Amino acid sequence: MLEKLDRVLELLAERERTLKELKAETSLSDETLNLVIDFFVTHDFAAREDNRIRLTDSGRKLLEL
C-alpha cells in the first residue's frame, strides 16, 4: 500500500490532478483514493480545491525523505 501512496504523491508532484485522473493513473478504487487524499489533506501534504488536488510544500518535503 505504501507504494500506492508514494505513487499518488509522485503524480501530484508533477502537477495538480483531478480525482478522475488520479484514479486512472493509480487503479485505486474511489473509496481508497478518497481515503488517501483525505489523509494527505488532513496532514497538510495535499490541498483540495473543488475537484483538483495539488501537493503542498509539506508534501514536497515528504517526497524528499
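**Close-up views of a predicted model**

**View 1. The side chains of Arg 17 and Glu 25 form a salt bridge, with N to O at 2.7 Å.** A salt bridge here is a side-chain nitrogen of Lys or Arg within 4 Å of a carboxyl oxygen of Asp or Glu. The model is predicted: local features need pLDDT of at least 70 and side-chain atom pairs count only at pLDDT 80 or more, while totals for chains, interfaces and linings use all residues. Residues are numbered from 1 along each chain as its sequence is written, and side-chain values use heavy atoms, with hydrogens and water left out. Arg 17 is buried, because its relative accessibility is 3%, whereas Glu 25 is partly exposed at 32% relative accessible area. Buried means under 20% relative accessible area, exposed over 50%, and partly exposed in between (1.4 Å probe, protein chains only).

**View 2. Arg 17 lies in strand E1, residues 17–18.** Strands (E, at least two residues) and helices (H or I, at least four) are DSSP runs numbered from the N terminus. The side chain of Arg 17 reaches the backbone oxygen of Leu 11 at 2.3 Å. With neighbours within four places in sequence left aside, Arg 17 is in contact (heavy atoms within 4.5 Å) with Leu 11, Leu 12, Leu 22, Glu 25, Asn 51, Arg 52 and Ile 53. The C-alpha atoms of Arg 17 and Arg 48 are 9.8 Å apart in space, and the two residues are 31 apart in sequence.

**View 3. Thr 26 belongs to helix H2, residues 19–26.** Thr 26 has 7% relative accessibility and therefore counts as buried. Its side chain reaches the backbone oxygen of Leu 22 at 2.7 Å. Residues up to four places away in sequence not counted, Thr 26 touches Lys 4, Arg 7, Val 8 and Leu 11.

**View 4. Seven salt bridges are found in a search of the whole structure.** One of them joins the side chains of Glu 21 and Arg 15, at 3.6 Å from N to O. Glu 21 is partly exposed at 26% relative accessibility, and Arg 15 is partly exposed with a relative accessible area of 41%. Glu 49 and Arg 54 also form a salt bridge, in which the closest N and O atoms are 3.6 Å apart. Glu 49 is partly exposed at 48% relative accessibility, and Arg 54 is partly exposed with a relative accessible area of 35%.

**View 5. Three aromatic pairs are found in a search of the whole structure.** The ring centres of Phe 39 and Phe 45 are 6.5 Å apart and their planes stand at 45 degrees, so the pair is tilted. Rings of Phe, Tyr and Trp (its six-membered ring) pair if their centres lie within 6.5 Å; planes under 30 degrees apart count as stacked, over 60 as edge-to-face and the rest as tilted. Phe 39 is partly exposed, with a relative accessible area of 41%, whereas Phe 45 counts as buried at 18% relative accessibility. Ring pairs link Phe 39, Phe 40 and Phe 45 into a cluster.

Definitions and conventions
Polar contact = N/O pair within 3.5 Å; in protein donor to acceptor, adjacent residues only side chain to side chain.
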